[in-house]
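New notebook page. I want to go through this fold piece by piece and jot down what I look up.

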Amino acid sequence: MVDLQVQIPTAFDPGFADAKDTDAPGVKEYVHIRIQQRNGRKSLTTVQGLKKDFSYEKILKDLKREFCCNGNVVQDKESGKIIQLQGDQRKKVAQSLVQAGITKKDQIKIHGF
């Protein structure tokens, strides 16, 4: 009798098992910085997609102190924790996150008008 080794293709490929940990294109997790319009000229800046091992409260405290504004951390069912800041702080937040080494510049997406 002849022993044949036949590999049956599966949906799981062990070659890509650790691809999430690398910086391969298409695998990046982005930090989304958005603006939400409130009443009249009032607006909120939201920061979503930071890694879960960061202390959101400490990041919020530093951002509030740096930009002289108020804010809070909101828990969302689908998105996880979201940082909210008063006013349009999109560009300042992006620069601050890169400067602090929390995220890279190419991992930030700024949304809004």
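Is the crossing of H1 and H2 right-handed or left-handed? I looked it up, and the crossing of H1 and H2 is right-handed. (A crossing is left-handed if the near helix is turned anticlockwise from the far one by less than a right angle, and right-handed if clockwise.)

Ground rules before I go on. I'm working from a predicted model, where local features need pLDDT of at least 70 and side-chain atom pairs count only at pLDDT 80 or more, while totals for chains, interfaces and linings use all residues. Residues are numbered from 1 along each chain as its sequence is written, and side-chain values use heavy atoms, with hydrogens and water left out.

**Entry: the parts list.** I find two helices and five strands. Here helices (H or I, at least four residues) and strands (E, at least two) are DSSP runs, numbered from the N terminus. Going from the N terminus, I read β-β-α-β-β-α-β.

**Entry: the sheet.** The five strands make an open sheet in the order E3-E4-E2-E1-E5, with mixed pairing. Two strands pair if DSSP finds at least two bridges between them. Strand E3 (71-76) and strand E5 (108-110) stand at the edges with a single partner strand each, so one side of each has no neighbour in the sheet. Gln 48 has Ile 82 in E4 as its bridge partner.

**Entry: back to the helices.** Helix H1 (residues 56-67) lies across E3 and E4, at about 10° to E4. Axes are lines fitted to C-alpha atoms, for helices over the stretch in contact, and angles run from 0 to 180 degrees between N-to-C directions. The axes of H1 and H2 come within 11 Å and cross at roughly 125°. H1 and H2 are therefore oblique to each other. (Under 35 degrees is roughly parallel, over 145 roughly antiparallel, 65 to 115 roughly perpendicular, and the rest oblique.)

Which residues of H1 meet H2? I get Ile 59, Leu 63, Glu 66 and Phe 67, facing Lys 92, Val 93, Ser 96 and Leu 97 in H2. Contact means heavy atoms within 4.5 Å.

**Entry: Ser 96.** Ser 96 sits in helix H2. Ser 96 is buried, at a relative accessible area of 10%. (Buried means under 20%, exposed over 50%, partly exposed in between, using a 1.4 Å probe and protein chains only.) Leaving aside neighbours within four places in sequence, Ser 96 is in contact with Leu 63, Glu 66 and Phe 67.
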